[in-house]
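This report describes a protein chain for a reader who has its sequence and three-dimensional structure at hand. Please keep both in view while reading.

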Amino acid sequence: MAYVGLNMTAIDQALKNYYLPDLRYQLNEKASALLAQMEKNSEDVVGRDIRMALRYGRVGGIGNRADDGLLPDPKSRQTKKAIMETKNIFARFRLTDKTIEASKSDVGAFANMLDQEVKDCEADARLDLSRQVVGDGAGTLATLSADSTTASPQVVTVDSTMYLAEGMIIDARDAGTGALTNDAHEKLEILGVTGPTTFTVAATGVTIPINSIITIDRK
């Protein structure tokens, strides 16, 4: 048998694994064109209000004319002052003292978990703010297009899972009144987003009815 020299298979047990120091995100969580536009100006925030001047309408003095013809009458766009009350958005997390101590250096962990939780809260709050701005004002994340199953895990079919993600804590509510569809339908954790229109939660024993809305847990 000819000796072929060392190769990767032969030295596999002698090689070390190299761990990069930071956690890596699977998605670009900073890509929010709408929020980027909103954050361009903080100069108009005065006290408890946000005040800004908004332009509306169209310029009236536009038209096709002959070279020496009469020009159209000028008409500028109009201006309205908008006044909006500032809102509060909160993000909450919980860490044990032991977790903080065990992860405060690169030697023991990929990331300082206290630091990481703060960054995660900030990123997710920013994304939810973008969602709120284009939402319906009722906090609707999705609307059921069919009754949910009663299996374990419970499969929920909605119009879109765009705003849903694994680990989110949600409620199922009546679209008209905003009341819980059932006491068992509060504080449900999304176990997985299984498709563009389906996700799963732990079995509640009670069907979530069609046309119910899914919201972030309110308590």
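## Surface and burial

The accessible surface of the protein chain amounts to about 16,500 Å², and carbon and sulfur atoms contribute 54% of that area. The chain has 219 residues, of which 21% count as buried. These values were computed from a predicted model.

## Order of the elements

Read from the N terminus, the elements follow the order α-β-β-β-α-α-β-β-β-β-β-β.

Contacts can also be sorted by how far apart the partners lie in the sequence. Among contacts in the chain with a separation of 6 or more, 62% are between residues 24 or more positions apart.

## The six-stranded sheet

An open sheet is formed by 6 strands, arranged in the order β4-β9-β6-β7-β8-β5, with antiparallel pairing. Strands β4 (140-143) and β5 (154-157) stand at the edges; each has a single partner strand, so one side of each is left without a neighbour in the sheet. On average, neighbouring strands of this sheet are turned by 45 degrees against each other, direction ignored.

One pairing may be followed at the level of residues. Strand β6, residues 169-173, pairs with strand β9, residues 213-216, in the antiparallel sense over 4 bridges. Within this pairing, I170 has I216 in β9 as its bridge partner.

## V59 in a loop

Where does V59 lie? V59 is placed in the loop between β2 (49-56) and β3 (78-85). Its relative accessible area is 44%. Because buried means under 20% and exposed means over 50%, V59 is classed as partly exposed.

V59 also illustrates how distance in sequence and distance in space may be compared. V59 and S76 are 17 residues apart in sequence, while their C-alpha atoms are 4.9 Å apart in space. When neighbours within four places in sequence are left aside, V59 is in contact with K75 and R77.

V133 belongs to helix α3, which covers residues 113-133.

How values were computed
Residues numbered from 1 in each chain as written. Predicted model: local features only at pLDDT ≥ 70, side-chain atom pairs only at ≥ 80, totals over all residues. Heavy atoms only, no water. Helix = DSSP H or I, 4+ residues; strand = E, 2+ residues; numbered from the N terminus. Buried < 20%, exposed > 50% of the residue type's maximum accessible area, 1.4 Å probe, protein only. Contact = heavy atoms within 4.5 Å. Areas by Shrake-Rupley, 256 points an atom, 1.4 Å probe, with all protein chains shown as cover. Pairing = 2+ DSSP bridges. Axes fitted to C-alpha atoms, helices over the stretch in contact; angles between N-to-C directions.
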